[in-house]
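Colleague: Hi! Could you walk me through this one? I'm still learning how to read these.

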Amino acid sequence: MIWLGIGLFFGLHLVPSFPDTRDRLIGRLGEKGYKAAYSILSLIGLVVIAIGYSRMDHQELWPTPAWASHLALAVMPLAFILWVAAELKGHIRKTVKHPMIIGILLWAIIHLVNNGDRASLYLFGSFALYSVFSIISFTRRGKVPADAPARGLHDVLAVVVGMAVFSGVLWAHGFLFGVTPIF
């Protein structure tokens, strides 16, 4: 079941890599219809991934290194800051170019290191591979965020909001995902 969700979610996310296909879909559905269908089907894909992940038998492929949780505590705040920075016109977004994708790549790698089971390999490995593909695809197509004037306040907001959201997710991680991080 996890593969069905991964196929749906990432299949949809590959559509923008093929501008002709995307343009044809927008022509048929309209801009709002395309975005609505894309959003709804993406959410369904995520739900199917989560259900498939939760139903997989635990099969350890590698042990978690003793230092992995400390690495997660050091790197995950950066991932959250990058996710927030992707939505703001600050120096972080201007410098990093693809902060959302790089944040997802960091999140995926950290979770792969910390979770050496088969289900985690499928889940986090697919996000890591997609992130690398996206960076290459964006670079080849010359896609970078608009070169708007950067504002330092947006960087401050990215750090403050990113750290606040990270703290909240860290606090609720056990409730949300069934695993309490150990440091």
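Colleague: Which residues are exposed on the other side of α1?

Modeller: Trp3 and Leu4 are exposed there. Keep in mind that this is a predicted model.

Colleague: Okay, and which residues of α1 are buried?

Modeller: In α1, the buried ones are Ile2, Gly5, Ile6, Phe9, Phe10, Leu12 and His13. They sit on the same side of α1, because they cover an arc of only 155° around the axis.

Colleague: What covers those buried residues of α1?

Modeller: The cover includes α2, which is residues 19–55, and α6, which is residues 118–141.

Colleague: How many residues does α1 have, and how far does it reach?

Modeller: Helix α1 runs over residues 2–14, so it has 13 residues, going by how helices are assigned. From its first C-alpha to its last it reaches 18 Å, close to the 18 Å expected at 1.5 Å a residue.

Colleague: Let me pick one residue. Is leucine 8 exposed, partly exposed or buried?

Modeller: Leucine 8, which is found in helix α1, counts as partly exposed at 28% relative accessibility.

Colleague: What does leucine 8 touch?

Modeller: Not counting residues up to four places away in sequence, leucine 8 touches Leu41, Ile44 and Gly45.

Colleague: And how many Å apart are leucine 8 and serine 54?

Modeller: They are 17 Å apart in space, C-alpha to C-alpha, and 46 residues apart in sequence.

Colleague: New topic: α5. How many residues does α5 have?

Modeller: Helix α5 has 16 residues. Its reach from first C-alpha to last is 22 Å, close to the 22 Å expected at 1.5 Å a residue.

Colleague: What do the buried residues of α5 pack against?

Modeller: They pack against α3, α4, α6 and α7. The buried residues of α5 are Pro99, Ile101, Gly103, Leu105, Trp107, Ala108, Ile110, His111, Leu112 and Asn114.

Colleague: Let's take α6 then. At roughly what angle do the axes of α5 and α6 cross?

Modeller: They cross at roughly 150° and come within 8 Å. That makes α5 roughly antiparallel to α6, because angles over 145 degrees are counted that way. The crossing of α5 past α6 is left-handed.

Colleague: Which residues meet there?

Modeller: From α5, they include Ile101, Leu105, Ala108 and Leu112. On the α6 side, Ser120, Leu121, Phe124 and Phe138 are among them.

Colleague: Nice. Now, how do α3 and α5 cross?

Modeller: Their axes come within 8 Å and cross at roughly 160°. That makes α3 roughly antiparallel to α5. Here α3 passes α5 in a left-handed crossing. Among the residues making the contact are Ala72, Val75, Ala79 and Leu82 of α3, and Gly103, Leu106, Trp107 and Ile110 of α5.

Colleague: What about α3 and α7: is their crossing left-handed or right-handed?

Modeller: The crossing of α3 and α7 is right-handed. Their axes come within 8 Å and cross at roughly 125°, which makes α3 oblique to α7.

Colleague: Which residues of α3 meet α7?

Modeller: Those in α3 are Leu73, Met76, Pro77, Phe80, Ile81, Val84 and Ala85. Their partners in α7 include Leu157, Val161, Val165 and Phe166.

Colleague: Still on α3, how exposed is histidine 70?

Modeller: Histidine 70, found in helix α3, counts as partly exposed at 47% relative accessibility. Histidine 70 and leucine 46 are 28 Å apart in space, C-alpha to C-alpha, and 24 residues apart in sequence.

Colleague: Last one. What is the phi of lysine 97?

Modeller: Lysine 97 has a positive phi of about 75°, although it is not a glycine. Lysine 97 lies in the loop between α4 and α5, and is partly exposed with a relative accessible area of 39%.

Colleague: Thanks, that helps a lot!

Technical notes:
Residues numbered from 1 in each chain as written. Predicted model: local features only at pLDDT ≥ 70, side-chain atom pairs only at ≥ 80, totals over all residues. Heavy atoms only, no water. Helix = DSSP H or I, 4+ residues; strand = E, 2+ residues; numbered from the N terminus. Expected span 1.5 Å × (residues − 1). Buried < 20%, exposed > 50% of the residue type's maximum accessible area, 1.4 Å probe, protein only. Arc of directions from axis to C-beta. Contact = heavy atoms within 4.5 Å. Axes fitted to C-alpha atoms, helices over the stretch in contact; angles between N-to-C directions. Parallel < 35°, antiparallel > 145°, perpendicular 65-115°, else oblique. Left-handed = near helix turned anticlockwise from the far one by under 90°.
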